[in-house]
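Trainee: I have a new model open. Can you walk me through it?

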Amino acid sequence: MTDITQNNGVHGRSALSRLSTTTFRTLRKLGDEPLGMFGFAILAILVIVAIFAPLIAPFDPARQALDNALQPPSWLHLAGTDEFGRDIFSRLVYGTRITIQTVLSVSVIVGPIGLAIGVMAGFFGGRTDAILMRATDIVLSFPSLVLALAFAAAMGAGLGTAIIAISLTAWPPIARLARAEALVVRNTDYVAAARLYGASPLRILFLYIAPMCIPSVIVRLTLNMAGIILTAASLGFLGLGAQPPLPEWGAMISSGRKFMLDYWWVAVMPGIAILLTSLAFNIAGDTLRDLLDPRHARS
């Protein structure tokens, strides 16, 4: 019995060691991807801006100055002012906090849920697989934005509601990917050896299979973050996301669309922020996919 326990521990550490080796190699190869480095640099800047928003923003994002309303971009107001005289650049800086908070919150909720459902379906198979995947297919049968709008409308407007609504619609792709990875990993030699040494199903699931699915799940989450940003902006645009006076980018576009013809900067500036952030997440996700999946490796 002692030998079996020791061998199980060795195989568990071996699986975690392989995961650590993969992570180290990914970080080393990242230096050879200039476009990927650019994407990660933009994301790093966004995180810094979100953390130090009070130091970066030149004005209070909620302070109104009606005598200074709808001023064009200038050295004093880098992105102009809105209809209430609020500095748009300051609102974009503080809006970065809301965007990063939304993305991270949804990822923290969706990642573990999708990973757990996927690896259980792929590992146990049979009736468990059928039930979990049919539930996944039901959610996938609805357009994610429409389903998020339905959940948000049912639960009431607000940032927390938007995060929950997006999370309820974003886990199925993660689950399907984790299931596909689990179906491959469960047939590997080291999992067969763990079974032979008497490892329990739960031990195999959490120490041998789940860790090997994490890199693919991280890549998928990174690629999904652009969609999360767009969905959150759409909810904000329709009034179902973060509520005024919070400087949410989608809500800023919604309030500025009536001024598009004469005062373009009110709606265009938050649109550019959404574009750059989504582009950065897409570039970072594509780079991670190329580095972690040899089938997509560049020659």
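Mentor: Leu-70 is found in the loop between H3 and H4, where helices are DSSP runs (H or I, at least four residues) numbered from the N terminus. This is a predicted model, where local features need pLDDT of at least 70, side-chain atom pairs count only at pLDDT 80 or more, and totals for chains, interfaces and linings use all residues. Residues are numbered from 1 along each chain as its sequence is written, and side-chain values use heavy atoms, with hydrogens and water left out.

Trainee: What is phi of Leu-70 near?

Mentor: Phi of Leu-70 is near 55°, a positive value in a residue other than glycine. Most residues other than glycine have a negative phi.

Trainee: Which residues does a cis peptide bond join?

Mentor: Pro-244 and Pro-245, with omega about 10°. Pro-245 is in the loop between helix H9 (201–237) and helix H10 (249–256).

Trainee: New topic. How do the axes of H4 and H5 cross?

Mentor: The axes of H4 (residues 88–124) and H5 (residues 126–140) come within 7 Å and cross at roughly 145°. Axes are lines fitted to C-alpha atoms over the stretch in contact, and angles run from 0 to 180 degrees between N-to-C directions.

Trainee: Which residues make the contact?

Mentor: Contact means heavy atoms within 4.5 Å. H4 gives Ile-117, Met-120, Ala-121 and Phe-124, while H5 gives Gly-126, Thr-128, Asp-129, Leu-132, Met-133 and Thr-136.

How values were computed. Helix = DSSP H or I, 4+ residues; strand = E, 2+ residues; numbered from the N terminus.
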